[in-house]
Amino acid sequence: MNVLVINAGSSSLKYQLVNVETQEVLAKGICERVGSAEAFHKHGIDDNELVIDEPMEDHNAAMAVVLEALTSGPNKAIDSLDDIDAIGHRVVQGGKYFDRSVVIDDDVIAKIDELAELAPLHNKAALMGIEACRTQMPGKPMVAVFDTSFFQSIPPKAYMYPLPYELYEKYAIRKYGAHGTSHRYISERAAAFMDEPIEDLKLITCHLGNGCSISAIDHGVAVDTSMGLTPLDGLMMGTRCGAIDPAIVPFIMEKEGLSTQEVNDLMNKKSGLLGISGISNDLRSVKEASEAGDERAQLAYEMYSNSAKKYIGQYIAVMGGVDAIVLTAGVGENCEKMRRMIFAGLQPLGIKIDPEKNKLRGHEREISTDDSAVRIVVIPTNEEYMIARDTYQLVKEGSLEVSELA
């Protein structure tokens, strides 16, 4: 079964065509700067990728470009649209409505739209992707896979904020989390890698990249996560500040004369690694500057690692121990120095990183010492496969089942 996985952004349309039975990626690409004169399309796998300047006035036009590339030209993957059996859409915010992936119908679309106020850029973009698919491939079954659904198992003591309860009742203000599809994948895959049933494990999963989140997964069930009502909460990130004293917000607004939108932009787009270093939101650039002696870059680097270290400690306490810590995403998978800094000093907790194993790159691997009481595992994430798998199970089999990621 071939599933087209769609991840629509406000001005982008990312996609993969996945054969679920073989787990083979048949094609992938992205349309960028949709709606602007500088729009372009990347299509192909690895060395076969083509980059084409392509006018795309909206997501519907972008979807037409994608389908044309999939069925014709030098990098075509299928002969016709009949070879696409279903479509899976990444949707960031599922709110209180969705604790699992669902087949898309008019009611689901209405709820995704209603929840857009909690993720205005992401949910509205997902709706544009869904509508484009409906227009270009009418009648094709579609599934919504929510970033937040994995965290609907978090108990009230973890998802509630200590604000007046009426605000929760009126506006559903609570922790929803994000990156749930990634955390679900790496937790299942780590259990398979360790040859242990996930139901027997206490895991801390770390999605560390430009966006960062850490989750506590107790016997296969998420019990806490670092992101909150929005993806702004939690760890220090590339451009997001993460958790700060909330009194800072009105203080800055008053001192700088900022509007609500302006202070929101400051915290989401101008903070984190970029705000502290003054150089970049990319950890590679910050690392390079820090090693050249830039003091602000050094501070930013240390703050990033310290932020992750604190959440790991919190979640060990929440679960009363941990069997393995799992790392993924651009920083978690690739940055040997950052991993070393995160785990430095955790030896009294039975967490020991192996310096030589830590230098390895590019595949699933264990980087803890042989005598470490807690295993440290690096698992490259694969959110697209999880979306394709959920779509396959709902469309072909009629229900979702947790199956081991062999």
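A search of the whole structure, which is a predicted model, finds 21 salt bridges. Side chains of opposite charge can pair when their charged atoms come close. Start with a few of these pairs.

**Stop 1: Lys76 and Asp79**

Select Lys76 and Asp79. Their side chains meet in a salt bridge, 3.1 Å from N to O. Lys76 is partly exposed, at 41% relative accessible area. Asp79 counts as exposed, with 60% relative accessibility.

**Stop 2: the loops around strand E13**

Move to Lys352 and Asp371. A salt bridge joins Lys352 to Asp371, and the closest N and O atoms are 3.4 Å apart. This pair links distant parts of the chain. Lys352 sits in the loop between H13 and strand E13 (365-366). Asp371 sits in the loop between E13 and E14. The two are 19 residues apart. Lys352 counts as partly exposed at 30% relative accessibility, while Asp371 counts as exposed at 53%.

Next, select Asp370 and Lys357. These side chains also meet in a salt bridge, 3.0 Å from N to O. Asp370 belongs to the loop between E13 and E14 and Lys357 to the loop between H13 and E13, so the pair ties together parts that are 13 residues apart in sequence. Asp370 is exposed, with a relative accessible area of 75%. Lys357 counts as partly exposed, at 22% relative accessibility.

Stay in the loop between E13 and E14 and pick Ile367. Is Ile367 buried or exposed? At 0% relative accessibility, Ile367 counts as buried, because the cut-off for buried is under 20%. Ile367 and Arg33 are 39 Å apart in space and 334 residues apart in sequence.

**Stop 3: a salt-bridge network**

Select Lys287, Glu291 and Lys337. A network of salt bridges links these three residues. Keep helix H10 (283-291) and helix H13 (336-343) in view; both return at the next stop.

**Stop 4: the largest nonpolar core**

Hide the surface and show side chains. The largest nonpolar core has 41 residues. Which residues have the most contacts inside it? Select Ile204, Leu208, Ile214, Tyr304, Ile312, Ile325 and Phe343.

Now color by element. Strands E9 (202-208), E10 (212-218), E12 and E14 (375-378) each give two or more residues to this core. So do helices H10, H11 and H13. H11 supplies the largest share, 10 residues.

**Stop 5: a negative patch**

Bring the surface back. Asp195, Glu196, Glu199, Asp200 and Asp323 form a negative surface patch. Zoom in on Asp323. Where does Asp323 lie? Asp323 is in the loop between helix H11 (295-319) and strand E12 (324-328). Asp323 itself counts as partly exposed, at 33% relative accessibility.

**Stop 6: Val18**

Finish at strand E2 (residues 13-19), the place of Val18. Val18 counts as buried, with 2% relative accessibility. The C-alpha atoms of Val18 and Gly330 are separated by 22 Å, while the two residues are 312 residues apart along the chain.

Methods. Residues are numbered from 1 along each chain as its sequence is written. This is a predicted model: local features need pLDDT of at least 70, side-chain atom pairs count only at pLDDT 80 or more; totals for chains, interfaces and linings use all residues. Side-chain values use heavy atoms; hydrogens and water are left out. Patches are made of residues with over 30% relative accessible area and no salt bridge: like charges are joined within 9 Å, nonpolar side chains (Val, Leu, Ile, Met, Phe, Trp, Tyr) within 5 Å. Accessible areas come from the Shrake-Rupley method with a 1.4 Å probe; for residues, only the protein chains shown count as cover. A salt bridge is a side-chain nitrogen of Lys or Arg within 4 Å of a carboxyl oxygen of Asp or Glu. Lys and Arg count as positive and Asp and Glu as negative; His and the chain ends are not counted. The place of a charge is taken as NZ of Lys, CZ of Arg, CG of Asp or CD of Glu. Helices (H or I, at least four residues) and strands (E, at least two) are DSSP runs, numbered from the N terminus. Buried means under 20% relative accessible area, exposed over 50%, partly exposed in between (1.4 Å probe, protein chains only). A nonpolar core is a set of buried Ala, Val, Leu, Ile, Met, Phe, Trp, Tyr and Cys residues joined through side-chain atoms within 4.5 Å.
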